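User: Hi, I'm new to this one and would like a walk through it. Could you take me from the overall picture down to some single residues?

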Amino acid sequence: LDKLSLEAERTQSVNTILCDDGNLIGHNTDISGFYSAIRSLNFSMKGSKVLILGAGGVTPSIIYALKKMNISKITISNRTREKAENIKILFNDIEILEWGNLQDFDVIINATSLGLNNEILNLNFSNVGNNKLFYDVIYNPEETNFLKKGRELGNMTENGKKMFIYQALEAFKLW
């Protein structure tokens, strides 16, 4: 690539490439996709404490979007702590939590690949409480075991279908 958009540079993540006057420019539309998907929900993010499970490719995009939502705290937890530490290099104000050590959060986001084949996130969510938001970036299956557990505990749940649609919409606008 010849250049990165500000968002792609900040997250070190590209999912859309635009050819502009012969230059290849990398963009990250996952940020606006996640932001728009969350804003479409009837859930106030202002002042929320957010836990992101996973430290893979989409996590920096989610963090970037969350920072635009006036949340109070972002914590990430990953099965491999080193990957979480790498994201902390990009966003030094986030906190890292040991895998499986759940606390009280307003929003829990599953950004792991666990759930694609209906695997179970082997975590105990019973202490999280209810009236929270469980969000899974996975949209197929429509209800992962993570979302099912969140719903059973009395929480709002949402899968990543709207994020996928909104990020694609942003990519089409760029093209």
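Analyst: Gladly, and I'll start with a term: contact means heavy atoms within 4.5 Å. This is a predicted model, in which local features need pLDDT of at least 70 and side-chain atom pairs count only at pLDDT 80 or more, while totals for chains, interfaces and linings use all residues. Residues are numbered from 1 along each chain as its sequence is written, and side-chain values use heavy atoms, with hydrogens and water left out.

User: How many helices and strands are there in the chain?

Analyst: The chain has 6 helices and 9 strands, where helices (H or I, at least four residues) and strands (E, at least two) are DSSP runs numbered from the N terminus. Its radius of gyration is 16 Å, close to the 16 Å that the globule rule gives for 175 residues, so the chain is as compact as a globular protein of that length. That radius is taken over C-alpha atoms, and the rule is 2.2 Å times the number of residues to the power 0.38.

User: And what share of the residues counts as buried?

Analyst: Of the 175 residues, 46% count as buried, which here means under 20% relative accessible area, with exposed being over 50% and partly exposed in between (1.4 Å probe, protein chains only).

User: Which residues touch the most other members of the largest nonpolar core?

Analyst: That core has 32 residues, and those touching the most other members are Phe 34, Met 45, Ile 52, Ile 62, Leu 66, Ile 109 and Tyr 135. A nonpolar core is a set of buried Ala, Val, Leu, Ile, Met, Phe, Trp, Tyr and Cys residues joined through side-chain atoms within 4.5 Å. Elements giving two or more residues to this core include helix H2 (30-39), strand S4 (49-53), helix H3 (59-67) and strand S7 (107-110), and H3 gives the most, with 5 residues. Apart from this core lies another, of 13 residues, among them Ile 108, Leu 114, Phe 125 and Leu 147.

User: Back to H3 then, what covers its buried residues?

Analyst: H3 is mostly covered, as 8 of its 9 residues are buried, including Ile 62, Tyr 64 and Leu 66. The cover over the buried residues of H3 includes helix H1 (6-11), H2, S4, S5, H4 and S7.

User: What about Glu 158, where is its place?

Analyst: Glu 158 is in strand S9 (residues 156-158) and is buried as well, with a relative accessible area of 16%. Beyond its neighbours within four places in sequence, Glu 158 is in contact with Leu 41, Phe 134, Tyr 135, Asp 136 and Leu 147, so Phe 134 is a contact of Glu 158 and is also touched by Gly 150.

User: Last one, which peptide bond is cis?

Analyst: The bond from Asn 140 to Pro 141 is cis, with omega near 15°, and Pro 141 lies in the loop between S8 and H5. Most residues other than glycine have a negative phi, and most peptide bonds are trans. Asp 21, although not a glycine, has a positive phi of about 50°, and at 76% relative accessibility Asp 21 counts as exposed. Asn 131 also has a positive phi, near 60°, and lies in the loop between S7 and S8.
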